Amino acid sequence: MSSQGLDRGLVLDAARVTEIAAIAAWKLAGRGDEKAADQAAVDAMRTALNDLDIEGEIVIGEGERDEAPMLYIGEKVGRGKGAKIDIALDPLEGTTLTAKAMANALAVMAWAPKGTLLNAPDTYMDKIACGPGYPAGIIDLDASPADNVQALAKAKGVGAEEITVCVLDRPRHAEIIASVRSVGARIHLITDGDVAGVMNTADPETGVDLYLGQGGAPEGVLACAALKCVGGQFQGRLVFRNADERARAARVGITDLDKKYDLHEMVRADAIFAATGVTKGALLDGVRFQGGFVHTHTIVMDSASQTVRELRMKRPT
C-alpha cells in the first residue's frame with residue numbers, strides 16, 4: 001500500500017464483497033420486510049470482509065455500536081493482517097426499494113488508506129454534485145440551484161433547458177425543484193438511494209447532469225469515493241436538527257459544524273469504490289437467478305489509476 005492509495009489487488013476483493021451482499025439482499029426482494037433484507041446484506045458483507053487479509057475499520061457503517069450489532073462505526077473487520085484501511089459501506093442502499101422490488105437498490109462500499117475517509121456522523125447533509133469534464137469550482141453549494149444550473153449549462157455549451165437535475169422526492173426539496181424549473185431545466189426525481197443519484201451524474205447514459213438536495217451524510221462519503229475515481233465534483237455541509245445530532249458530530253471529532261466540505265476533504269487519498277446492483281436500475285442490472293446460475297452486475301473503481309471496471313459474474317447457485 002502506498003501513502004496515496006491501496007494495492008490494486010484489493011479491487012476485485014471489494015467487488016466480491018458487494019456481490020455477496022447484493023445476492024443475500026436480493027433473496028428478500030419484494031417480500032415487504034425492509035429490516036430482514038438489510039440484515040441479510042449486513043450479515044453477508046461482514047462475513048465476506050472478515051475473510052480478507054486486511055486490517056479494516058468501519059468509519060461509515062450501520063450506526064454506532066449501541067445501535068448496530070454488526071458493521072457498526074469503529075468495528076474492526078478482516079483477518080488483522082495486510083492493508084490498514086478505512087471502510088465506508090452501505091450493505092443495502094435502498095431497503096424500501098428492495099422490500100418493494102423497485103429499481104436502483106445497491107450494495108455499496110468504499111475503501112481508502114487508514115485515516116483518510118471523513119468519519120461523517122449519521123446526520124443529514126446538503127449536497128451538490130456533478131460529473132467529470134467541468135472546470136474546478138463550476139458548482140457551489142452556496143449558490144442558488146438556478147445559478148448552478150446556468151453555470152453548468154454554460155460550461156457544457158448548452159441552454160439550461162438541456163440540463164437534468166436529480167433530486168430526492170421529498171417535501172423539503174420543493175424550493176430546489178422550483179428554482180431549477182424556473183430556468184427551464186428538467187428534474188429527475190428519485191424515491192430513495194442518493195448514492196446512486198450522485199453516481200448518475202458521472203454516467204452520460206443516465207442523462208443526469210447535476211445532483212442537488214439533502215440526504216444522508218454517510219452516503220455523501222460513499223458518493224464522494226465514487227466521484228473521486230472518475231473526476232467529478234462534490235460539495236456538502238452537515239445539517240443538524242437537534243442536540244443529539246450535534247453530539248454525534250462531536251464524538252467523531254467534528255468541531256466546525258458549518259464547514260463546507262469538498263470531495264477531496266471527504267476522501268483524502270486514493271480510494272476503491274464498488275457497487276453491485278440488487279434490483280435493476282439506471283446504472284446496474286439487478287441480481288438474477290436463472291438456469292441454476294446466479295448473475296450479478298458490479299461496477300468497481302480505482303481512483304489511483306482512474307480505472308472503472310464493469311463486471312458481470314455468473315456462477316452456479
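Let's start with Glu 219: leaving aside neighbours within four places in sequence, Glu 219 is in contact with Asp 90, Glu 93, Lys 127, Asp 194 and Val 195. Keep in mind that this is a predicted model. Glu 219 itself sits in helix H7, which covers residues 217–230.

**A first annotated group**

Two of those contact partners, Asp 90 and Glu 93, turn up again in the database record. In an unreviewed UniProt entry, the annotation "binding site" covers Asp 90, Glu 93 and Glu 219. Although they span 130 residues in sequence, no two of their C-alpha atoms are more than 8.8 Å apart, so they gather at one spot. The lining of the largest pocket includes Asp 90, Glu 93 and Glu 219.

Asp 90 belongs to strand S3, residues 83–93. Its contacts, again not counting residues up to four places away in sequence, are Glu 62, Leu 106, Ala 107, Val 108, Glu 219 and Leu 222. Is Asp 90 buried or exposed? Its relative accessibility is 10%, so Asp 90 counts as buried, the cut-off for that being under 20%.

**A second annotated group**

The unreviewed UniProt entry also gives a "binding site" annotation covering Glu 93, Gly 94, Thr 95, Tyr 124, Arg 170, Pro 171, Arg 172, Asp 192, Gly 193, Asp 194 and Gly 216. Among these, the residues included in the lining of the largest pocket are Glu 93, Gly 94, Thr 95, Tyr 124, Arg 170, Arg 172, Asp 192, Gly 193, Asp 194 and Gly 216.

Tyr 124 lies in strand S5, residues 124–130. Beyond four places in sequence, Tyr 124 touches Arg 172, Gln 214, Gly 215, Gly 216, Ala 217, Arg 237, Leu 238, Val 239 and Arg 241. Gly 193, in turn, is found in the loop between strand S7 (186–190) and helix H6 (194–199). With sequence neighbours within four places left aside, Gly 193 is in contact with Glu 93 and Leu 168.

**One more loop residue**

Ser 303 is placed in the loop joining strand S13 (293–302) and strand S14 (307–316). Not counting residues up to four places away in sequence, Ser 303 touches Lys 228, Cys 229, Asp 270 and Ala 271.

Here are the accessibility values for the residues discussed above.

| Residue | Relative accessible area | Class |
|---|---|---|
| Asp 90 | 10% | buried |
| Tyr 124 | 26% | partly exposed |
| Gly 193 | 12% | buried |
| Ser 303 | 4% | buried |

Technical notes:
Residues are numbered from 1 along each chain as its sequence is written. This is a predicted model: local features need pLDDT of at least 70, side-chain atom pairs count only at pLDDT 80 or more; totals for chains, interfaces and linings use all residues. Side-chain values use heavy atoms; hydrogens and water are left out. Helices (H or I, at least four residues) and strands (E, at least two) are DSSP runs, numbered from the N terminus. Buried means under 20% relative accessible area, exposed over 50%, partly exposed in between (1.4 Å probe, protein chains only). Contact means heavy atoms within 4.5 Å. UniProt positions are given in the numbering used here, feature names are shortened, and annotations may be inferred rather than shown by experiment. On a 1 Å grid over the protein atoms alone, a cavity is a set of points where a 1.4 Å probe fits but cannot get out, and a pocket is an open set with protein on both sides within 12 Å along at least five of seven lines; lining residues have an atom within 4 Å of a point.
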